[in-house]
Amino acid sequence: MANLFKKHVNEFPSPYTVKNAVKEGSIVTKLSMLILGLGNIANKQIIKGLIYLALEVSFIAFMVMSGAHNISMLGSLGDKAAEEVWNEAKGIYEYSAGDDSLLILLYGIASLFVAVGFVLIWVSAVRSAYKADYLKKNGKHINSFADDIKDLFDKNLHKTLMTLPMLGILALSILPLIFMISMAFTNYSKDGDHLVLFDWVGLKNFAKVLNFSDSLGQSFWSVLGWTLVWAVFATGLNYILGMILAIVINRKGTRLKSFWRFCFILSIAVPQFVSLLIMRTMLQPSGAVNVLLQNMGLISQPLPFFTDPTWARVTVIVINLWVGVPYTMLQVTGILQNIPAELYEAAKVDGANAVVTFFKITLPYMLFVTTPYLITTFTGNVNNFNVIYLLSGGDPTPVGSTAGKTDLLVTWLYKLTIDQQYYNIGAVIGILTFIVLAIVSLVTYRNTGSYKNEEGFQ
Amino acid sequence: MNEKKALRSMKRKKFVTNSIVHVLLSILAVIWVFPIFWVVLTSFRAEKGSYVSSFFPKSYTLDNYKSLFTNTSVLNFPKMFTNTLIIAIFSCLISTFFVLSVSYCMSRLRFKMRKKYMNMAMILGLFPSFMSMVAVYYILKSIGLSEGAMIRVALVLVYSGAAGLQFYIAKGFFDTIPKALDEAAYIDGCTKWQVFSKVTIPLSKPIIVYTVLTSFMGPWVDFIFAKVICRANADYYTVAIGLWRMLEREYIDKWYTCFAAGAVCISIPIAILFIFMQRFYTDGLSGAVKG
């Protein structure tokens with residue numbers, strides 16, 4: 001835990017900070033805190049200076065036109081409902097445009113993003129002005145615009161390469177995530193008709209979800225329990241069975257190694273949603289499996305694969321084995337061959353049989369090497385939407401409940417938002433899932449060798 | 001004499017274990033191949049509907065494939081196919097570029113935001129990926145990408161926009177390229193860009209192929225995002241939504257065997273790509289320059 005809060009040391013110190021600019025900068029530098037780019041223009045970096053100035057002008061224009069208004073609306077999220085208004089000229093009732101809290105929230109957050117972005121631009125402009133000023137005072141070379149461009153492909157290559165991917169992440173990952181997280185603190189749901197206009201409600205949704213005596217809270221705790229059981233079983237069984245399969249295929253006496261491997265890999269190669277949909281139809285009461293078993297006379301009634309809670313839970317875990325075991329086999333084959341052969345020979349001399357060697361040598365070695373992989377798989381299984389949604393759809397669902405017996409937190413989240421429009425509760429579930437996963441993986445991950453000693457093999 | 005006996009009994013024991021292992025593997029292989037075999041059978045089945053009375057079809061036909069590609073009035077499979085192809089090509093180009101640039105920066109360049117970026121990527125990876133899906137839809141809607149032909153642009157953005165977060169595998173690969181190569185190039189007067197484009201990229205064929213293929217396959221196999229973004233615009237459906245719809249209550253009786261045919265059509269190219277890619281995948285994990 002201690003190194004979680006390790007103090008960060010700045011590895012890349014620079015003398016051109018805003019603090020120094022305030023303390024030691026010339027009057028032009030200080031003026032460029034108001035008029036961005038002034039310091040650059042004064043030192044013949046005209047294009048760079050003009051770019052900064054243009055950015056400032058467009059930011060101010062944006063703020064005046066809509067940004068400031070957007071941010072100011074964030075507090076109330078709008079309260080003007082759409083009303084019927086009598087239109088004299090046309091002789092009909094028309095709807096006046098009311099406030100749409102969702103759009104207000106979205107535009108408000110986006111405007112906040114722009115504002116934060118501008119602060120960063122401002123810092124960079126002040127530092128750049130101070131740098132030009134400082135270099136001039138010391139009689140050093142000041143980069144021309146051509147030099148700057150050249151630097152973008154050499155010293156500052158990371159800026160060139162990272163800008164577009166970073167913009168993509170900001171717009172399509174971080175912005176939506178913050179938008180969703182903020183929904184958790186509102187009453188945006190069909191409950192009480194808050195789908196157009198909604199308000200901030202603070203932590204009320206969290207209290208509701210975590211409350212044992214509320215029906216929602218009971219659903220949450222039972223879904224959380226099943227999610228953890230599922231993740232542990234799905235991860236552990238897949239890992240061990242996949243490893244045993246790899247060992248069995250790799251052992252000396254086995255013939256046709258690549259043929260067996262091909263059979264199992266074939267099932268990964270088929271797109272997951274296709275194979276899962278096939279499985280689902282095969283396991284229906286009148287699907288292929290039941291028909292086959294009934295024709296053979298083994299059963300008289302169709303087996304309740306997705307209608308009985310216990311059957312359904314076991315079924316999804318077993319089918320997940322079908323999906324996951326070949327993956328594990330593929331991934332551990334290489335690592336298994338790296339285990340030093342001497343270990344096995346020594347064990348053989350000592351008279352250990354296959355089971356003992358597996359538990360005393362193979363498993364500990366593999367656990368040591370593949371802990372990060374296990375954490376990723378565990379996270380993946382907690383968020384394993386496809387298997388549950390495509391197979392059982394969370395069913396069987398008790399009457400009057402929003403969550404089914406095989407629903408994971410993620411599939412429940414999906415149902416709550418997309419199907420039932422409890423957006424705020426869905427967002428709370430998402431945040432709680434994140435907290436559970438963060439605690440599990442951050443602590444484990446930061447204690448693994450591959451994080452602490454990242455460049456050990458370079 | 002005794003020695004011979006012991007040897008024979010050992011041989012026999014070995015034979016027994018080997019037989020058990022092979023029988024076990026055959027049973028497992030049958031379990032694993034069974035659903036795939038069954039869908040291929042169904043795609044050739046002449047009788048319609050999802051309720052089967054026998055395991056093997058009573059008669060075989062190619063009509064399911066024919067009607068999949070010609071019967072376009074309700075579910076237009078050829079159109080879904082072209083939609084998916086277009087989306088896959090563009091999102092593959094963008095995400096390959098994103099993944100390679102980010103992983104190169106993470107692996108080879110040292111700058112202030114590097115560790116922070118990696119931590120951020122890890123934290124973002126812990127959120128359920130479609131938790132923000134509804135929000136993404138509203139964002140795309142507010143910039144006018146939710147109607148008409150722009151849906152394709154929206155899907156390309158959804159599949160490739162945040163690709164910069166998927167840098168782990170490619171970074172691991174770049175990490176294995178010896179730094180001495182870079183340093184030699186710097187001594188010869190190369191800029192960082194030249195090292196990236198003339199030293200690292202030519203050495204990274206396996207991981208480039210891997211990245212290209214995985215990102216190309218994404219749109220073919222995802223259906224959740226496509227469903228949320230497309231909503232009811234059937235003209236812009238991808239094959240995944242199409243196949244899903246064929247199993248909905250109102251279509252399943254008529255379309256079930258066509259679903260099987262469609263599944264076979266999609267699976268064959270993807271299976272070939274995957275088996276081809278698997279070689280690069282293991283190569284990618286084992287490093288670029290062999291000793």
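Predicted model: local features only at pLDDT ≥ 70, side-chain atom pairs only at ≥ 80, totals over all residues.
We can start with the helices of chain A. Two packed helices are described by the angle between their axes and the distance between the axes. For helix α9 (residues 215-250) of chain A and helix α10 (residues 257-269) of chain A, the angle is about 155° and the axes lie 9 Å apart. Because angles over 145 degrees count as roughly antiparallel, α9(A) is roughly antiparallel to α10(A). On the α9(A) side, the contact is made by A:Leu245, A:Ile249 and A:Asn250, while α10(A) contributes A:Lys257, A:Trp260, A:Arg261 and A:Phe264.

Strand β1 (residues 84-87) of chain A pairs with strand β2 (residues 92-95) of chain A in the antiparallel sense, over four bridges. Within this pairing, A:Trp86 has A:Tyr93 of β2(A) as its bridge partner.

Finally, A:Thr417 is found in helix α17 (residues 409-419) of chain A. Is A:Thr417 buried or exposed? Its relative accessible area is 3%, so A:Thr417 is buried. The side chain of A:Thr417 reaches the backbone oxygen of A:Leu413 at 2.9 Å. Leaving aside residues up to four places away in sequence, A:Thr417 touches A:Met180, A:Tyr422, A:Tyr423 and A:Gly426, along with B:Val134 of chain B.

Definitions and conventions: Residues numbered from 1 in each chain as written. Chains lettered and ligands numbered in written order. Heavy atoms only, no water. Axes fitted to C-alpha atoms, helices over the stretch in contact; angles between N-to-C directions. Helix = DSSP H or I, 4+ residues; strand = E, 2+ residues; numbered from the N terminus. Parallel < 35°, antiparallel > 145°, perpendicular 65-115°, else oblique. Contact = heavy atoms within 4.5 Å. Pairing = 2+ DSSP bridges. Buried < 20%, exposed > 50% of the residue type's maximum accessible area, 1.4 Å probe, protein only. Polar contact = N/O pair within 3.5 Å; in protein donor to acceptor, adjacent residues only side chain to side chain.
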